[in-house]
Amino acid sequence: MFLVGLTGGIASGKSSVIQVFQQLGCAVIDVDVIARHVVQPGYPAHQRIVEAFGTVVLLENGDINRKVLGDLIFNQPDLRRLLNSITHPEIRKEMVKETFKYFLRGYRYVILDIPLLFETKKLLKYMKHTVVVYCDRDTQLARLMQRNKLSHQDAEARIASQLPLIDKARLAHHVLDNSGEWSITERQVILLHAKLERSLEYLPLRLGVLTGLAGIASLLYLLIRCLLPSP
């Protein structure tokens, strides 16, 4: 199988696009969900965060207080790097586990929903394809103001805090333009899914794994033959 990194921006329509892919039967892994999962009490990252930042980052029930932790690392590059060094390895482990489950189930590709795909660049090297859900800035602004009931100034500030969608679109292999009617966007998603399904890029890895498993099975067979007493 191969991996497809999907990203977008605030109010670009990424969540709606993800829903279409899921309705088409695609495997989708939400990296944000994994990131929240690996810092739950009882997991190694949770303990290391408490050791690094203190119990001040804990809620009464023992969960990580994401707001407090976010405030601590805000404009503190060293603390942000420290947090990333704790969480990113655990996130990658969970991603591998989830991806392998889909591999065993025969999926040709897996979509990873990664909000900061191009900002952090940490996972780009694992992606065979990258997809951006794009819309023009005026549409993005209008949707955000309506959805979140924000003033023009507040909506502008939130959009400005992210890498511009036009820049993400230039970096991506595929762009899904969600500036217009939803039916047009939906059609784009269906066509992209068909294109990815037709791709043979999943074959090398699958054949390699099957060859490796066949080799292991042969070795086990020979070992058993050697250990069993001769008739």
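The following exercises, each with a worked solution, concern the structure shown above.

The structure is a predicted model, in which local features need pLDDT of at least 70 and side-chain atom pairs count only at pLDDT 80 or more, while totals for chains, interfaces and linings use all residues. Residues are numbered from 1 along each chain as its sequence is written, and side-chain values use heavy atoms, with hydrogens and water left out.

**Exercise 1. Overall composition**

State how many helices and strands the protein chain has, and what percentage of its residues count as buried.

Solution. Helices (H or I, at least four residues) and strands (E, at least two) are taken as DSSP runs, numbered from the N terminus. On this basis the protein chain has eleven helices and five strands. Burial is assigned by relative accessible area: buried is under 20%, exposed is over 50%, and partly exposed lies in between (1.4 Å probe, protein chains only). Of the 231 residues, 38% count as buried. Contact means heavy atoms within 4.5 Å. Among contacts in the protein chain with a separation of 6 or more, 73% join residues 24 or more positions apart.

**Exercise 2. Packing of α4 and α5**

Determine how helices α4 and α5 are oriented to each other, and which residues meet.

Solution. Two packed helices are described by the angle between their axes and the distance between the axes. Axes are lines fitted to C-alpha atoms, for helices over the stretch in contact, and angles run from 0 to 180 degrees between N-to-C directions. Helix α4 (residues 66-73) and helix α5 (residues 77-104) pack at about 130 degrees, with axes 7 Å apart. Angles under 35 degrees count as roughly parallel, over 145 as roughly antiparallel, 65 to 115 as roughly perpendicular and the rest as oblique. The two helices are therefore oblique to each other. From α4, Leu69, Leu72 and Ile73 meet Leu79, Arg80 and Leu83 of α5. These contact residues divide into five nonpolar, no polar and one charged; nonpolar covers Ala, Val, Leu, Ile, Met, Phe, Trp, Tyr, Cys and Pro, charged covers Asp, Glu, Lys and Arg, and the others, Gly among them, are polar.

**Exercise 3. The surroundings of Leu69**

Decide whether Leu69 is buried or exposed, and list its contacts beyond four places in sequence.

Solution. Leu69 belongs to helix α4. Its relative accessible area is 8%, so Leu69 is buried. Leaving aside neighbours within four places in sequence, Leu69 is in contact with Ile49, Phe53, Val57, Ile64 and Leu83. Ile49 is 20 residues from Leu69 in sequence, and their C-alpha atoms are 9.3 Å apart.

**Exercise 4. Nonpolar cores**

Identify the residues with the most contacts inside the largest nonpolar core.

Solution. A nonpolar core is a set of buried Ala, Val, Leu, Ile, Met, Phe, Trp, Tyr and Cys residues joined through side-chain atoms within 4.5 Å. The largest has 34 residues, and Ile49, Val110 and Leu112 have the most contacts inside it. Helix α5 supplies the largest share of this core, six residues. Apart from it lies another core, of 17 residues, including Ile111, Val131, Val133 and Leu196.
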